[in-house]
Amino acid sequence: MSPLLTPARTRGFLRATAAAVALSSVLLTAACGASDDSGRDAKATAAAPAGFPVTIDNCGVRTTYDAPPSRVVTVHQHPAELMLALGLGDRMVGTAFPDSAVLPELKKDYEAIPELAEREPSFEKILDAEPDFVYGGYGSAFAETEGRSRKAFADAGIDTYLNREYCGKGQVTMKDTYDEIRTIGKIFGVPDRADKLVTDLRSRVAKAAAEVEGEHEVPVFVYDSGDKSAFTAGGKGLGTELIRLAGGKNVFADLDDVFGDVSWEQVVERRPEVIAIYDYAGAGSVQEKKKYLLSQPALADVPAVRNKRFVVLPLTATLVGIRSAYAVDDLARGLHPESFR
């Protein structure tokens with residue numbers, strides 16, 4: 001099987017199971033409530049820190065925190081980077097499943113935290129780190145079929161949080177990114193840091209958008225992976241908004257999903273002027289993806305292929321996390337280079 005196909009199906013599975021994970025988690029509310037009450041009696045004996053208790057509703061699970069979590073395992077890279085950007089590295093006891101190179105300014109702190117697994121760690125491996133909080137990036141972080149359901153963690157007295165992109169809601173926007181940051185800031189008792197980070201990221205997005213204001217919308221095709229068909233970003237994903245903010249238009253914005261398969265004939269018909277390549281581990285290198293696209297006779301007359309106009313984005317930059325603001329700037333420079341000279 002082509003290396004460009006396997007991860008596409010994997011990401012499709014992750015996206016497709018997100019709603020199921022969210023739905024099953026609703027059934028955990030009662031169980032979490034028991035954990036919140038009886039499991040927190042000892043914690044409640046001490047005076048609650050300022051701003052606590054805090055109650056958070058996340059993907060159907062309602063959790064009350066009497067104090068900020070102190071031992072955190074993040075599963076997937078974007079939750080880890082968000083935690084580090086909020087200055088919470090001292091609370092982290094494990095990471096897992098890095099998708100791409102860590103942001104340079106976070107690299108040292110990230111490497112100081114034990115990596116529990118190259119992909120999702122087992123339930124037992126996570127328990128070995130003795131966390132009181134597990135923060136998952138994709139729905140697969142809490143895959144029931146692999147023994148990592150949110151109920152299993154709740155039964156073990158461990159609180160969980162799932163990135164809001166996988167709560168099974170509709171269109172994902174930059175507001176979801178800002179809300180995610182503020183929610184995590186609230187859980188960890190650092191709302192001021194969260195507000196500052198959101199302000200910084202908003203400023204970064206606004207600056208990039210201002211540079212391309214008034215420019216024509218560049219048609220963009222997102223290439224995640226695939227050979228017999230193309231696995232691309234649909235209209236419900238954050239990627240479509242990132243492209244719009246950068247002065248472009250996702251040619252498959254009418255695809256009613258976060259990700260999905262389209263035919264190469266459709267790609268040819270929509271004549272993208274730029275191809276945004278998503279870069280992540282296990283999906284084939286960027287060089288392999290470019291080589292494949294450039295080698296297909298059927299794509300030879302597609303403007304983006306003919307002119308070799310590619311923009312490379314780390315997968316983590318297209319998700320609800322701190323990198324999405326960086327992605328707007330990178331995309332804007334790739335779509336409208338003349339605006340940045």
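In the predicted model, the largest nonpolar core comprises 81 residues, of which Ile181, Ile184 and Phe188 touch the most other members; such a core is a set of buried Ala, Val, Leu, Ile, Met, Phe, Trp, Tyr and Cys residues joined through side-chain atoms within 4.5 Å, where buried denotes under 20% relative accessible area (1.4 Å probe, protein chains only). When residues up to four places away in sequence are not counted, Phe188 touches Phe52, Pro68, Pro69, Val72, Met83, Leu88, Arg91 and Phe133, contact being defined as heavy atoms within 4.5 Å. Another core, of 17 residues, lies apart from it and includes Phe221, Tyr223, Tyr292 and Val302.

Residues are numbered from 1 along each chain as its sequence is written. Because the model is predicted, local features need pLDDT of at least 70 and side-chain atom pairs count only at pLDDT 80 or more, whereas totals for chains, interfaces and linings use all residues, and side-chain values use heavy atoms, with hydrogens and water left out.

An open sheet is formed by 4 strands in the order β10-β8-β12-β13, with parallel pairing; strands (E, at least two residues) and helices (H or I, at least four) are DSSP runs numbered from the N terminus, and two strands pair if DSSP finds at least two bridges between them. Since β10 (248-250) and β13 (310-314) stand at the edges with a single partner strand each, one side of each is left without a neighbour in the sheet. Strand β8 (residues 218-223) pairs with β10 in the parallel sense over 3 bridges, and Asn250 in β10 is the bridge partner of Val220.

Helix α13 (residues 286-295) lies across β8, β12 (274-279) and β13, running at about 145° to β12, with axes fitted to C-alpha atoms, for helices over the stretch in contact, and angles taken from 0 to 180 degrees between N-to-C directions. Helix α15 (residues 323-335) lies across β8, β10, β12 and β13, at about 170° to β13.

Terms used
Buried means under 20% relative accessible area, exposed over 50%, partly exposed in between (1.4 Å probe, protein chains only).
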